[in-house]
Amino acid sequence: MSQLPLITSVFLNVTDSCNLRCPYCFVEQKPNYMSYQTAKDTADFLIRNAEKDGSIPAINFFGGEPTLCWDSIIVPLTNYIRQEYGKPFELSMTSNCTLLTEEHIKFLQENDVGLLFSIDGDKNTQNINRPKQNGRGSFPLLEDKIDLISKSFPNVCFRSTLIPKTCQNLFHNIHFAHRHGYKHYLVVPNVFEEWDEEARATVQKEMRRFSDWVIQSFRKGKGMPIRFSDFE
């Protein structure tokens, strides 16, 4: 029997809590928070395995919303990995960025922590798809950060969830990301709800608009305007 590969990378679910209440979220929101000791033990486990097979260990801070554990886990674990361990270790964070500050951004940059920005689109789409706990839209929390994030992290991915209710905005939202300096766009359809024929046809139409835009961009000598992840 062949030996299973060693685990050297993980999504570290630091909390089930979140400051938003996205209707499609697959996480059951509870006030659960990982302890720092568990996070450190995980890092040590990955380090041991990676050193055995010669790979580079990796952690993506995930949730819930991981910035809720900024002081309790992200900062101390990053400092432990970067200062005490001191060897190559890939770090990144998936966040809705509503709580992100310039100080946070500076820390991420100084410690080479990558960022995946979970945002579903412009004001209209974001407010419908990603409301706050009180039901109000979350776009006002991001309005002053969208350009700052794209400038601070040139390779950051604009990661959106696609739902039938707002799927007609897909191409508009891709264009929105492009206008704000994002070079990578990832869309993940919500597979936990029903997609009827009308919604599927709408997505196909939106993707044709995107492909026509790409073709025109190449014809004008501008190349690929934004990198887009494949999906079915």
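Q: How many bridges join E6 to strand E7 (residues 227–228)?
A: Strands pair if DSSP finds at least two bridges between them. In this predicted model, E6 and E7 run parallel and are joined by two bridges. Strands (E, at least two residues) and helices (H or I, at least four) are DSSP runs, numbered from the N terminus.

Q: And how many bridges join E5 to E6?
A: Six, and E5 and E6 run parallel. Here Arg159 has Leu186 as its bridge partner in E6.

Q: How does the chain cross from E5 to E6?
A: The path goes through helix H7 (residues 170–179), making a right-handed β-α-β crossover. Right-handed means that, with the strands pointing away from the viewer, the path from the first strand over the helix to the second runs clockwise. E6, helix H8 (residues 197–219) and E7 also make a right-handed β-α-β unit.

Q: Which element gives the largest share of the lining of the largest pocket?
A: Strand E6, with three residues.

Q: What should I know about numbering and confidence?
A: Residues are numbered from 1 along each chain as its sequence is written. Local features need pLDDT of at least 70, side-chain atom pairs count only at pLDDT 80 or more, and totals for chains, interfaces and linings use all residues, while side-chain values use heavy atoms, leaving out hydrogens and water.
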